[in-house]
Amino acid sequence: MTGRLLLTVLVLANVVTALGVVHARHRHRVLFVEVSRLEKARDELNIAFGQLQLEQATWAESNRIDQVARDRLGMKFPEGAEIVVIRP
């Protein structure tokens, strides 16, 4: 009788362990897919960030700002006679 009880306990322990392994492997696969998805999203965001940095550098270039100031705003460097120096 004791042998039969021990065998039953061992079989149940084996089944429970097998279910635990199956659950752990499934969880691992789900998490791996999630990590892969997040890494892809991170890479896409890094690419977009690099493009935005390049665009910002282009828009902030001093030659471009000077050109926009002249063309759109009608600004120009003052002539020598238009410059007034104020001294304290």
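Accessible areas here come from the Shrake-Rupley method with a 1.4 Å probe, and for residues only the protein chains shown count as cover. On that basis, the protein exposes about 8,600 Å², with carbon and sulfur atoms supplying 66% of it.

This is a predicted model, in which local features need pLDDT of at least 70, side-chain atom pairs count only at pLDDT 80 or more, and totals for chains, interfaces and linings use all residues. Residues are numbered from 1 along each chain as its sequence is written, and side-chain values use heavy atoms, leaving out hydrogens and water.

Let's start with the overall shape. You will find two helices and zero strands (DSSP runs of H or I, at least four residues, and of E, at least two, numbered from the N terminus). The radius of gyration is 36 Å, well over the 12 Å from the globule rule for 88 residues, so the protein is more spread out than a compact globule. That radius is taken over C-alpha atoms, and the rule is 2.2 Å times the number of residues to the power 0.38. Buried residues make up 1% of the 88 (buried is under 20% relative accessible area, exposed over 50%, partly exposed in between, with a 1.4 Å probe and protein chains only).

Now for the salt bridges, where a side-chain nitrogen of Lys or Arg is within 4 Å of a carboxyl oxygen of Asp or Glu. The count comes to four, including these:

| Pair | Closest N to O |
|---|---|
| Aspartate 43, arginine 42 | 3.1 Å |
| Aspartate 66, arginine 70 | 3.1 Å |

Aspartate 66 and arginine 70 both lie in helix H2 (residues 62-71), four residues apart.
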